[in-house]
Amino acid sequence: KRYEEETNLEAHLVVDVSNSMAYEAKDGALPSKLDYARWAAAALGYLITQQQDAAGLVLYDDEIRTALPAQSNQAHLRTMFTLLEEATPRGGTDTGRALSEVAEAVRRRGVVVLFSDLLDDRREVVRGLRNLRQRGHEVILFHVLDRDEVTFPFERMTRFEGLEGLGRLTADPLALKEAYLEEVKRFRNRLRRVCLQNRIDLVETDTSRSIGVVLAAYLAKRE
């Protein structure tokens, strides 16, 4: 029994529930980033516990809102599902702080899986990711963006509103599109470099992609 306790995997699912994760396309055809992230986290939590490993859950915005220690029983899994379902977006984002607190709290080496859009202070995010790696944790990052954030499909005069207190801007999207997409490209390229340098698994996705397909492809890659 002691051997099993010492060798079972311990995974911590860390989900960004800040206001920026609330974004979803106006036509309602796709889930919000938060819905996408919580469904993916729930699916991984289920798979982890089914193989008798332990899963924990952390929900955060500008601070940690929920911290559920890793366990592997069905009652614990139901509690995790309830917390994910009831999570509502609020507040700003402080991913670096959340990751540093997870690194301090989790003593046993395991896997930390982060679900976030990473619309945050880049330097603090990198510091938090490195902190986890330095403590010996395997880190998997699901970078979740909305389809609109990736393609910028707007054509008519549009009012853009910051979801985390950044104000409003009315602009012609066609005049912004090229520069915006170039900035998104640079943002994602920087993230890829950081993950490569720190041996972090990066899974890039957006809300138009099937969660089942994304998870199946990643798990097949791990195999």
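In the predicted model, Phe152 has a relative accessible area of 6% and is therefore classed as buried, the cut-off being under 20%. This residue lies in the loop that connects helix 6 (147-151) with strand 6 (158-161). Although Phe152 is not a glycine, its phi is positive, at about 50 degrees.

A positive phi also occurs at Arg199, a residue other than glycine, where the value is near 55 degrees. Arg199 is placed in the loop between helix 7 (173-197) and strand 8. With a relative accessibility of 66%, Arg199 counts as exposed, because the threshold for that class is over 50%. Phe152 is thus buried, whereas Arg199 is exposed.

Strand 8 spans residues 201-206 and contains Thr205. The relative accessible area of Thr205 is 2%, so this residue is buried. Beyond residues up to four places away in sequence, Thr205 is in contact with Tyr36, His143, Val144, Leu145 and Val214.

A further buried position is Asp61, for which the relative accessibility is 0%. Asp61 occupies the loop between strand 2 (54-60) and strand 3 (64-71). The side chain of Asp61 forms a polar contact of 2.9 Å with the side chain of Arg65. When residues up to four places away in sequence are left out, Asp61 touches Val17, Ser18, Arg90, Gly92, Thr93 and Asp94. The C-alpha atoms of Asp61 and Glu138 are separated by 22 Å in space, and the two residues stand 77 apart in sequence.

At the level of the whole chain, eight helices and eight strands are assigned. The radius of gyration is 18 Å, close to the 17 Å given by the globule rule for 223 residues, so the chain is as compact as a globular protein of that length. Along the principal axes, the C-alpha atoms fill a box of roughly 65 × 35 × 35 Å. Of the 223 residues, 44% are buried. Among contacts between residues at least 6 apart in sequence, 73% join residues at least 24 apart.

The surface and the charges were also examined. The accessible surface of the chain amounts to about 12,200 Å², and carbon and sulfur atoms contribute 49% of this area. The chain carries 33 positive and 36 negative charges, and the mean positions of these two sets lie 4 Å apart.

Methods:
Residues numbered from 1 in each chain as written. Predicted model: local features only at pLDDT ≥ 70, side-chain atom pairs only at ≥ 80, totals over all residues. Heavy atoms only, no water. Helix = DSSP H or I, 4+ residues; strand = E, 2+ residues; numbered from the N terminus. Rg over C-alpha atoms; globule rule 2.2 N^0.38 Å. Buried < 20%, exposed > 50% of the residue type's maximum accessible area, 1.4 Å probe, protein only. Contact = heavy atoms within 4.5 Å. Areas by Shrake-Rupley, 256 points an atom, 1.4 Å probe, with all protein chains shown as cover. Lys, Arg positive; Asp, Glu negative; His and termini not counted. Charge placed at Lys NZ, Arg CZ, Asp CG, Glu CD. Polar contact = N/O pair within 3.5 Å; in protein donor to acceptor, adjacent residues only side chain to side chain.
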